[in-house]
Amino acid sequence: MNFMVVVLWTDVLLFILLAVCLAYARHAARRPHLRAPWARMARSASGMAAATVLSAFALIGVLDSLHYRPLIEAKPGVPGPARYAVEVRSVLDLVIQGVLGPMAGKSEKTYSAPLATHAFSRENIERPGPDGKPRQVREYPRLANGGAHLKDPAREWAADVATHAVRGMVFGFIAWLALAFVLLGAYAANHQEDGGIAGVWGDAWSGRGRLPWRSILITLLVICLCAGVAATLGSRYHLLGTDKVGQDVLYLALKSVRTALIIGTLTTLVMLPMGVLLGIAAGYFGGWIDDAIQYVYTTLNSIPGVLLIAASVLMMQVAIDANPGWFATAAERADFRLLCLCFILGMMSWTGLCRLMRGEALKLRELEYVQAARAFGVSRLAIIVRHILPNVMHLVIISAVMDFSGMVLTEAVLSYVGVGVDPSMSSFGSMINAARLEMSRDPMVWWSLAAAFFFMLALVLAANLFADAVRDAFDPRLSPKRRRRGLLAKASA
Amino acid sequence: MSAVLEIGGLNTRIETAGGVIRALDDVSFEIARGETFAVVGESGCGKSMTALSIMRLLPEAAWIDSGRVDQEGRRLLELPEYEMRDVRGRRIGMIFQEPATSLNPVMTCGEQIVEVLERHGIARGAAARARALDWLQRVGIPDPAQRMDDYPFQLSGGMKQRVMIALALCSEPEVLIADEPTTALDVTIQAQILDLLVELQRSNGMAMLLITHDLGVVARMAHRVALMYAGEMIEIGSRASFFARPLHPYAARLFAALPGSASRGSPLMTIPGMVPPLTTEFAGCRFAPRCAFAHARCEAEAPGWHMAATDGTTSHRARCHLLEEGEVPPLRAEAGAAAAALPVSQQGALLEVRDLKVHFPIRRGLFRRTVGHVRAVDGVSLTIGAGRTLALVGESGCGKTTVGKGLLQLIAPSAGSIRFDGRELAGAPAKVLRQSRSLMQIVFQDPFASLNPRMRVGEIIAEGMASFGLGVDQAGRDREAASLLAQVGLPADARDRYPHEFSGGQRQRIAIARALAVEPKLIVCDEPTSALDVSVQAQILNLLADLQRERGVALLFITHNLAVVEHLAHDIAVMYLGRIVESGSADEVLRRPRHPYTQALLAAVPRIEGGAEAPQVADRKLFADLPSPANPPAGCHFHTRCSRATAECAAAYPEARIVSQTHRVHCIHAQ
């Protein structure tokens, strides 16, 4: 084997979470009352478009969670145990390296603008003068990798960029056709639609059919086109420029996706059991249990969150620094810090859910089916598990999905303040933090910030749209808007 | 007579996930000045949709497809919305079912009336206030000057409905639409509100569209009656001829399904099948699948209107082929031998309750000090014989539900003794209690809240069995569940379905099967039929009677519906403000009531037999509000509302007077 699998804590938890989601999907698929709201959600065009974007992000996150350490080539003739590199890499790194080639990672000296062929700032360079003697010249040096294939950048640059952009789009389009074919084919085979894939294709574009395929396909097309352009242009230029130490911003942004996803999901995972169990206990048992739980969350709520989190993070940092022996690699240390951050955030943010659950349990406790179960002598734990929990699950799902985007934004704020993730781990917050000082430079270094902004916007907006669709589907009180019909419509028209 | 409101060919549709519902199909009628036109029917038949279509207040998913609504020459369906707003409230007033939610809780009653007056430009400022005061007086609110500035939460339900009526009538509309105006109220309050409406109609000459499911209210109020079924009007006629000789087979069946003293001891007539879903295209008569007289033509051809022999001025007509064919369906099915004895097994007392008290502490202040008690149940004594039915009757808030829950220890009793089958349950250790739980079960009022929506019917029924370890294994419990479902008249495949797939009546059957699963000796039925339609109620009452006959279970029937009590109770206990004021055998209490409260309750029930000539509640003192159980009046609790009260009544709570071996009355004036 020429690599060693590395399993980080957050990887484990992320895959457990994925497994739980899949198990829930299987469980729900067989129960009509659980399946119905998801089926309703699946009919929402904006919700499914958002789900498509989220799936793309999730794919990046999952690929970035498969970690390994490559084998160090042993010197020929030197026997001994296989040695592995200290640097932990992920499958995503492998993919990016394969696609972007030398552009990925740290490949320039310092800042360069998007698609640039020359550095952002002038340097002193020795050039042979007309007299043959070396002479100091102050100019913009060519980049080591970005646009290195061009002989005369001034003349060739525009045509080259345009050609590769178009090529990228063509590749993207072909990839999209293939993807659409696979997706629709699988759907047609599963649902025995009339007319097979052609029928589904026709339905998709005419907006018939049960799923909003048109929105899904259009979203997918946009993603494929972006990916295609990123692949062709990104392997020749730094598509989004480079940062202060010459790292490709596109690469940094892609690596930040996992951090955001981990914070968004694992924090929820930490907070759910606390919020749900304490909330239901408070509502169902009442009395001193209710009082105690209420006092705890009211107190917790009245302390400024950032203050508490900063204090906890600093304590954790001290512990990490004091015990360097805990971690084999820097990646493990960064990962541990990320995990702790999830826990700390989780412990701080369960109060809202807890309050919601308490109110719901107070209401459900008085319902007649709970009374009937009490009349049967069913134990209190069994009543909570069988009668209360299943009837608050829809609220739990709604709040988990809605909290996700909040958590992503919180991470950005914390990293900006400096109490977020490890400096060696890329995250949107660190990118913004690093870019903040360069905003006052003239000409401005805007691309780091812009890249972080747009990636985060796409992720959070998709998460919010998805959350809206989920809430609409799960909340029975909301009914879709309808247009006016009948006599009155004619009269007012 | 000129019509103030004419509705022609009204078609209303609702779009749902299951298709387009034909909520109203070709509904036509007219109401004359000073007339009360009652629309009756079971839930979902389109009664309320009719009212909402006239007011153009339909929910978003619904629309009027075609039709005509004319109010004194105004074509309401063609008016722009801003003109329609002048019609609503000014020309057509409306009162709703639930007085608690139809008043704005953050405005005083006076402000709300003034707002209406000012909106319609009838009066402003001081003049409007004076008018509002006048209206509060007219609807019979005591001390109106003070009540003007009260918020709705400070008023009782009956008072709120009076304010609502004042609100609807203060702009003197030509038409009043009353959508189930008394359904949420107690019988004594209902009688007052109905009297008030009649009185106001007489003085204002307004036309009234009364929507109700209660045939008793119709008989008391209506001049003309329309019966609706599945979105269609199927019979229209004057009150006298409608009640004397219903033409449509559905009407006849509906009458036969009404419980009462006449049906005692015999099963009620039920209507087989269910109302067809309104998403279907109907080819023939909508009632045909459930009709005993249906023939080939009924399936194929929708019946038109056919007159019966006209009686005087109003025509009596129905949509039924039989009328055209000259074959009038037989009259109301005669009940079996009148007042046949109910099956009774005499085995002595199964449950003996002595002096049961349930007090809820009122806590105030920082340290939650107990400052008083709500005496929801304050010394109730009951005896239920094995296999007998005891009806516990009383108005809302009298504590009858709390008695039921106290018996089952769902609420811990504060004092008293509950002896069940010779064992003391009050204050018994948890283990004894758990064992006794299988002997006493409960069926709740609301069939939609009493079944866990996330559990299959089979799991719901098996829950109790599993809890008590009945039925050795899963398979045994499944078998038992299947046989119980058959016993309550549900198909075996119901086991794998979820509660939302069933109608209200079917859900109530599931709740009964769940209770029966643990083989109880006593079932507490807490208003089990009050959320159901008449025909479904008949099925449930028959089911309970059958179960009692076959299994010998005793029933504690908690209800406010005296007609149901007359139908099935062996014994009756009447409750007022946490205490039982009169108890005895059904015959004694219903035929020879001794307590003034029992007499008032019985008099207030609107009855079909009496019609409008029924004696009105003469005793205006009864109109006073129910006192608070936190602070009951001294002496006899009822003396504040009793016409026979004397100074002596306020002195001490009256001891039980023994009228006969079974009949006891707590009243010093009882003869």
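Predicted model: local features only at pLDDT ≥ 70, side-chain atom pairs only at ≥ 80, totals over all residues.
Residues are numbered from 1 along each chain as its sequence is written, chains are lettered from A and ligands numbered from 1 in the order in which they are written, and side-chain values use heavy atoms, with hydrogens and water left out.

**Helix 5 of chain B**

- Helix 5 covers residues 125–138 of chain B, and its 14 residues reach 20 Å from first C-alpha to last, close to the expected 20 Å (1.5 Å times one less than the number of residues).
- Helices here are DSSP runs of H or I with at least four residues, strands are runs of E with at least two, and both are numbered from the N terminus.
- Ala128(B), Ala132(B), Trp135(B) and Leu136(B) are buried in this helix.
- Seen down the axis, the buried residues of helix 5 of chain B fall within an arc of 100°, so they line one face of the helix; the arc is taken over directions from the helix axis to the C-beta atoms.
- The cover over these buried residues includes helix 4 (109–119), helix 6 (144–147), helix 7 (157–169) and helix 8 (187–204) of chain B, where contact means heavy atoms within 4.5 Å.
- Gly140(B) follows helix 5 of chain B and has a positive phi, near 80°.

**Salt bridges**

- Over all chains, the search finds 43 salt bridges, each a side-chain nitrogen of Lys or Arg within 4 Å of a carboxyl oxygen of Asp or Glu.
- Glu360(A) and Lys363(A) form one at 3.2 Å, N to O; both lie in helix 12 (residues 351–365) of chain A, 3 residues apart, about one turn of the helix.
- Glu360(A) counts as buried because its relative accessibility is 15%.
- In chain B, Asp421(B) and Lys521(B) form a salt bridge with the closest N and O atoms 2.6 Å apart, and this pair links distant parts of the chain, 100 residues apart.
- Asp421(B) is partly exposed at 40% relative accessibility, as is Lys521(B) at 36%.

**Domains of chain A**

- Chain A is divided into domain 1 (153–235) and domain 2 (257–474), with bounds from an automatic or database domain assignment.
- The centres of these two domains, taken over C-alpha atoms, are separated by 35 Å.

Definitions and conventions
Buried < 20%, exposed > 50% of the residue type's maximum accessible area, 1.4 Å probe, protein only.
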